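Me: I'm new to this one and would like a close look at a single part, helix packing. Could you take it slowly and then link it to the rest?

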Amino acid sequence: MATSLKPTETMDFYDIAMSPPASVNPWKARLALNFKDIPHKTTWVPLPDIGEVRQGLGVPTCRKLADGNDFFTLPILVDPNTNSKIGDSFDIAVYLQKTYPESGAGDLFPPQEIDYTFDQDLPPWAPPLSARKEGEYDEYSKFNMHVDRAFSAYVGLMGFFLPFDSQASKDELVRRAGVKSWDDFEIKGEAREKMKESFRLMLGDLAKLFSRNTTGPFILGKQANYADLIVGGWVYMMHGTLPENEWQEVRSWHGGIFGHLYDGLQKYAEVM
Ligand SMILES: N[C@@H](CCC(=O)N[C@@H](CS)C(=O)NCC(=O)O)C(=O)O
């Protein structure tokens, strides 16, 4: 049932405990919540506890590990106004748009052609992306998948700097990756510079989408939509992880497109 009004009761939003928040899919959802002006409160879940929390809430998984087992992920949104629980960032954006169409800054999914593609496979260690059925906002869903693939190829530049709240979270990722210690995640020296250059080139391709409309900072100009928030999730992850000098470098690439996107989305980035 769609209501045109802003919801009255505060929603519960679950994100992975990090300071600053630096998890890409929760960032996409947070930007969408603020875009739709939704009152919400964040519960910070330590990475090793995500499975217990997700199962406790009774939210089915939306992603599988490479071996076919369930992968317990965040974000989750619980909306007491409609008794709904949603456990995928794309579904959260669709839910907010359909349930509260008139709330906040407008339509998250205006019809548009978003013709960016990135067709390389995911890195071998990455769990497959969530599969989606076609039928709803397909142009955006496809874009989400291509953007996730593109950035996942370079997430190695960020992983070592994830600002986890606890050693236990780091230990869990070390265990999963089968490496000896957290330090093994660091990519440095020449290998880092090479990867950064390739990352810059990938971003150059994506930047083309943002330079079609020169009134910026968003794809369609001054008004953001969910495609900007998808890229925004990654930009906020970069900001939360990359060393300051590298963040400044990335901000300045391609005429500052990604720096302007970060600044333009600040009004939807409040952490509640
Ligand atoms: N398709 C899901 C994917 C969610 C996802 O992969 N979340 C990651 C963080 S960005 C996660 O919770 N990882 C938990 C872990 O690695 O243990 C969505 O968009 O919400």
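Reply: Let's begin with a term. A crossing of two helices is called left-handed if the near helix is turned anticlockwise from the far one by less than a right angle, and right-handed if the turn is clockwise. Keep in mind that what you see is a predicted model. Two packed helices are described by the angle between their axes and by the distance between those axes.

Now find H4, residues 138-152, and H7, residues 189-211. Their axes cross at roughly 160° and come within 10 Å of each other. Angles over 145 degrees count as roughly antiparallel, so that is how H4 and H7 run relative to each other. As for the handedness, the crossing of H4 and H7 is left-handed.

There is another pair to look at: H8, which covers residues 226-241, and H9, which covers residues 244-265. Here the axes lie 10 Å apart, and the angle is about 120°. Because of that angle, H8 is oblique to H9. The crossing of H8 and H9 is left-handed.

Tyr137 isn't a glycine, yet its phi is positive, near 45°. Then go to the loop between H7 and H8, where Pro217 sits. The peptide bond joining Gly216 to Pro217 is cis, with omega about 5°. A further cis bond runs from Leu74 to Pro75, and its omega is near 15°. Pro75 belongs to a loop between two strands, E4 (70-71) and E5 (76-79).

Finally, the ligand. It is surrounded by 18 residues, and Arg63, Asp88, Ser89, Ser130 and Arg176 are the closest. Sorted by type, that shell holds 10 nonpolar residues, five polar ones and three charged ones. A helix comes in here too: H1 (residues 24-35) supplies three residues, the largest share of the shell.

Arg63 has a polar side-chain atom 2.6 Å from an oxygen atom of the ligand. For Asn25, a polar side-chain atom is 3.3 Å from a ligand oxygen. Taken alone, the ligand would expose 510 Å², and the protein buries 89% of that.

Terms used:
Residues numbered from 1 in each chain as written. Predicted model: local features only at pLDDT ≥ 70, side-chain atom pairs only at ≥ 80, totals over all residues. Heavy atoms only, no water. Near = heavy atom within 4 Å. Polar contact = N/O pair within 3.5 Å; in protein donor to acceptor, adjacent residues only side chain to side chain. Areas by Shrake-Rupley, 256 points an atom, 1.4 Å probe, with all protein chains shown as cover. Helix = DSSP H or I, 4+ residues; strand = E, 2+ residues; numbered from the N terminus. Nonpolar A, V, L, I, M, F, W, Y, C, P; charged D, E, K, R; others polar. Axes fitted to C-alpha atoms, helices over the stretch in contact; angles between N-to-C directions. Parallel < 35°, antiparallel > 145°, perpendicular 65-115°, else oblique.
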